[in-house]
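Thanks for making time. I will go through one structure today, element by element, and take a few residues in detail.

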Amino acid sequence: MNKQKSVIGMAWYRAEDYDAILGIMSDSHKLPGTFSEWLLKAENGEKELTASGHIVVRTVIDPKTFPDWCRSRNLNVDAEARMHFANLAAREYVERHNSH
């Protein structure tokens with residue numbers, strides 16, 4: 001029996017966008033204060049997920065477009081929206097890789 005790996009979307013930020021990310025997120029107090037702190041935490045989380053057999057899809061969040069994306073879906077600009085955005089990217093990844 002061939003066990004399929006689960007695909008997990010993970011919100012990802014670019015160094016040059018991190019200050020703007022903190023500026024747009026309603027729950028920015030839950031995020032690390034600097035990009036380097038966030039990156040260390042994110043990479044450790046990614047390694048743990050990968051080691052557990054998951055496929056991690058890094059989903060870059062653009063601070064210029066993410067608030068509009070959230071508004072169009074009646075979502076707050078917060079962790080729930082980031083997770084939703086990353087999960088949609090993971091679903092698209094699966095669809096792209098399962099179509100022949």
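Predicted model: local features only at pLDDT ≥ 70, side-chain atom pairs only at ≥ 80, totals over all residues.

Now the overall layout. The protein chain has 100 residues, and 32% of them count as buried. There are 4 helices and 2 strands, and from the N terminus on the order is β-α-α-β-α-α. Along the principal axes, the C-alpha atoms fill a box of roughly 45 × 30 × 20 Å. On contact order, take the contacts between residues at least 6 apart in sequence: 67% of these join residues at least 24 apart.

Back to H4. This helix covers residues 79-98, which makes 20 residues. From the first C-alpha to the last, H4 reaches 28 Å, close to the 28 Å expected at 1.5 Å a residue. The buried residues of H4 are Ala81, Arg82, Ala86, Ala89 and Ala90. As a reminder, an α-helix has 3.6 residues a turn, so residues three or four places apart point the same way. What do the buried residues of H4 pack against? They pack against strand E1, residues 7-12, strand E2, residues 55-60, and helix H3, residues 66-72.

Arg82 counts as buried because its relative accessibility is 8%, and the cut-off for buried is under 20%. The side chain of Arg82 makes a polar contact of 3.3 Å with the side chain of Tyr13. Leaving aside neighbours within four places in sequence, Arg82 is in contact with Ala11, Tyr13, Met25, Asp27, Leu31, Ile61 and Phe66.

Ala11 lies in E1. With a relative accessibility of 18%, Ala11 counts as buried. Not counting residues up to four places away in sequence, Ala11 touches Trp38, Thr59, Ile61, Arg82 and Ala86. Two of the names in that list, Arg82 and Ala86, are among the buried residues of H4. For a distance along the chain, Ala11 and Lys47 are 36 residues apart, and their C-alpha atoms are separated by 14 Å.

Trp12 is also placed in strand E1. Is Trp12 buried or exposed? Trp12 counts as buried, because its relative accessibility is 7%. With the same exclusion of residues up to four places away, Trp12 touches Trp38, Leu39, Ala42, Glu43, Glu46, Arg58, Thr59, Val60 and Ile61. Trp12 and Lys41 are 29 residues apart in sequence, and C-alpha to C-alpha they are 11 Å apart in space.

On to the largest pocket. About 430 Å³ of space lies in it. Of the 15 residues that line the largest pocket, the closest to its centre are Met10, Ala11, Tyr13, Trp38 and Arg82. Which elements each supply at least two residues of the lining? Those are E1, helix H2, residues 35-51, and H4. By type, the lining of the largest pocket divides into 11 nonpolar, 1 polar and 3 charged residues.

Two loop residues remain. Asp17 lies in the loop between E1 and helix H1, residues 18-24. At 7% relative accessibility, Asp17 counts as buried. The side chains of Asp17 and Arg14 are joined by a polar contact of 2.7 Å. Beyond residues up to four places away in sequence, Asp17 touches Ile61 and Pro63.

The other one is Asn74, in the loop between H3 and H4. Asn74 counts as exposed, because its relative accessibility is 75%. What is phi of Asn74? Phi is near 55°, which is a positive value in a residue other than glycine.

To recap the residue I would point to on the screen: Arg82 sits in helix H4, counts as buried at 8% relative accessibility, and is one of the residues closest to the centre of the largest pocket. Its side chain has the polar contact with Tyr13, and Tyr13 is also listed among the residues closest to that centre.

Note on methods. Residues numbered from 1 in each chain as written. Heavy atoms only, no water. Expected span 1.5 Å × (residues − 1). Buried < 20%, exposed > 50% of the residue type's maximum accessible area, 1.4 Å probe, protein only. Contact = heavy atoms within 4.5 Å. Polar contact = N/O pair within 3.5 Å; in protein donor to acceptor, adjacent residues only side chain to side chain. 1 Å grid on protein atoms, 1.4 Å probe; cavity = no way out; pocket = protein on both sides within 12 Å on 5 of 7 lines; lining within 4 Å. Points joined across faces, edges and corners; volume = space filled by probe spheres on them. Nonpolar A, V, L, I, M, F, W, Y, C, P; charged D, E, K, R; others polar.
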